[in-house]
Amino acid sequence: MQENKNFRIKRLRGFILLSLIIGLILSFVGALSIGSVKIPVDVVFKILFNFPGSWQESYKIIIIEVRLPRVILSALVGSGLAVAGCAMQALFRNPLASPYILGISSGAAFGASLAIVLGISFGTGIFAVPFMAFVFALLTIFLVYNIAKVGGRLPMENLLLAGIAIGSFFSAQVSLLKYIAGEELRSIVFWLMGGFWVSSWDNVIIAFPLIVLGIVVILFFSRDLNIMLMGEEHALSLGTEVEYVKKIVLVFASLITAAAVSVSGIIGFVGLIIPHTMRIVVGPDNRILLPSSCLFGAIFLIWMDTLARVVIQPIELPVGIITASLGAPFFLYLLRRRKRITGW
Amino acid sequence: MKLKIRDICFYYDSTKVLENITFEVSEGEILGILGPNGAGKTTLLRCINRVLKPKKGSVVIDGANIRELTRKEIAKNIGVVPQNSTIHFPFTVFDIVLMGRNPHLGRLDRITLKDIEIAKKAMKVTNTLHLADRLIDEISGGEKQRVIIARALTQEPKILLLDEPTSHLDINHQLEILELIRKLAIKNRLTIVLVSHDLNLASRYCDRIILLKEGKIHSVGTPKEVLTKDNIRDVFKINVEINYDERTDTLNIVPVSAIK
């Protein structure tokens, strides 16, 4: 009976993952087709796969140079933040954990604001903001990690407090920069709200390897994360190298977050709510929760960004506004529909 | 498998918690560790499976110092039922028990039919198979304790450490768990170390008892040798009456008064 049950669960998991993969592909095509210029789906396919056909020359530029990098980037950031959030929630055993909990976002915001205010540019100038954001994100996690460390151990409460303290410090510096920014204030505020306005293939090339690497590494640790949910003492007695798992997962979740934030600003909500949403659907087992959060995060952010592009044309809304405005009611709906109260 | 503890000392910062603890436990034996709160019972258990690293001394299983073993190798030999088993996450009982296979699996290995068989066997022994599909946060305290024991058995350990496995349970479930533990010692030939607060139950189920007082071994021996009026007064600061009960072949220890 147990084998059957196990088999059924495996099939159900396979079905959920397959639906999400199909959903992701459809989302890609849909998002490429929708916009200020509507491009028929069949034309999108033909352009993507270089099939012969006739269409306006500008379509190809819109698809390949404008929409494709943007859709890929929103998918990357969505899946990355969802996986990083899921991993943080498992490590902290806390439903309020998100990728930004250790102050990475505040550090990145400071780096980006500094680049904007000082007008730093390296040659082209385009890269300065994401570069500074990335550097300060990594600096933040380096500081938090080393301040929280006691001997060879990394107590999670220390980590949390150090993260909050360093995050607050950088937030204050961001406020200071905003205060003295003058004309650049608008750029800072826009960056802080998060969005994919400036998506280019360059951004994709920077973010892709970092985010994909981070996701793959964390997926390898799904079983360890399950065991860590039992508490550190249980995990140790079950043969898990708790400190090692914490370090690896923390480092790679931070790497994902730093990469995501540096190319898209601070998009809230995704890293917190996508793991919760999927937990309601597939349960707490990270072996299915992590990959399904990854896929659903990508789908979610692709559509949120598409909405951000089209909802009040020709003006674009910051995607962070949309994610929270639509995501929150959707999540509350799931929360109310859920029959059980236990767990999170 | 024989468990040897040699001269263990442990400090929290500069406070000495354990001092020169030495004892051995044989295959099939149940050793009880008794003592008042703060005597170092749980700390001692944590030192045995290296959740805590003692400042001095060694733990030897099957001729190997566990300091030289990896965490997984330790977990293959030593199963643990910790004191606090609150699990807030709605995993199924079967998922929880299968986690006991973790020390036998590499990072890329998947659960095989053999692992499932081992988990099912452990659940039969602990009478939890019927709970397999239930969620861990929905079953009773006694059931949960048996599930955690099943998880520990799924590790296929030779040594089992239990930290107050019967606290929070009613008297019926206390006996049930202790009968199960005795069965594991006799039939499965496990080496068992049991921390307990209950003098009567410990005297009934343990083959030998260690009394801990302020981090040191006060006395060792069979329940009858160790649980005397004088020893109990000395360690627990209470006066007791002790009767021998022929029906259960156990001591009946009745607290009379606390010593101020």
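I take helix axes as lines fitted to C-alpha atoms over the stretch in contact, with angles from 0 to 180 degrees between N-to-C directions. The model I am looking at is predicted.

**Helix pair in chain A**

I looked up H3 (residues 57-92) and H11 (residues 242-264) of chain A. Their axes lie 9 Å apart, and the helices pack at an angle of about 150 degrees. I noted the crossing of H3(A) and H11(A) as left-handed. On the H3(A) side I listed the residues that meet H11(A), among them Leu73(A), Val77(A), Gly80(A), Ala84(A) and Leu91(A). The H11(A) side includes Lys246(A), Val249(A), Ala253(A), Ile256(A) and Ser264(A). Sorted by class, this contact has 15 nonpolar, 3 polar and 1 charged residues.

**Chain A overall**

I counted 14 helices and 0 strands in chain A. The C-alpha trace spans about 65 × 55 × 35 Å along its principal axes.

**Ile274(A)**

I found Ile274(A) in helix H12 (residues 270-282) of chain A. Is Ile274(A) buried or exposed? Ile274(A) is buried, because 30 other C-beta atoms lie within 10 Å and the cut-off is 20 or more. Beyond its neighbours within four places in sequence, Ile274(A) contacts Ala82(A), Gly85(A), Ser293(A), Phe296(A), Gly297(A) and Phe300(A). I also looked up Asp285(A), which is 11 residues from Ile274(A) in sequence and 15 Å away, C-alpha to C-alpha.

**Sheet in chain B**

I traced an open sheet of 6 strands in chain B, in the order S6-S7-S8-S3-S9-S10, with mixed pairing. S6 (78-81) and S10 (216-221) are at the edges, each with a single partner strand, so one side of each has no neighbour in the sheet. On average, neighbouring strands are turned by 15 degrees against each other, direction ignored.

I then followed S7 (residues 159-163) and S8 (residues 191-196) of chain B, which pair in the parallel sense over 5 bridges. Ile159(B) has Thr191(B) in S8(B) as its bridge partner.

Helix H1 (residues 41-48) of chain B packs on the sheet and touches S3 (30-34), S7, S8 and S9 (208-213); its direction makes about 155 degrees with that of S8(B). I found helix H6 (residues 171-186) of chain B lying across S3, S7 and S8, at about 155 degrees to S8(B).

Technical notes. Residues numbered from 1 in each chain as written. Chains lettered and ligands numbered in written order. Predicted model: local features only at pLDDT ≥ 70, side-chain atom pairs only at ≥ 80, totals over all residues. Helix = DSSP H or I, 4+ residues; strand = E, 2+ residues; numbered from the N terminus. Buried ≥ 20, exposed ≤ 12 C-beta atoms within 10 Å, placed from the backbone. Contact = placed C-beta atoms within 7 Å. Left-handed = near helix turned anticlockwise from the far one by under 90°. Nonpolar A, V, L, I, M, F, W, Y, C, P; charged D, E, K, R; others polar. Pairing = 2+ DSSP bridges.
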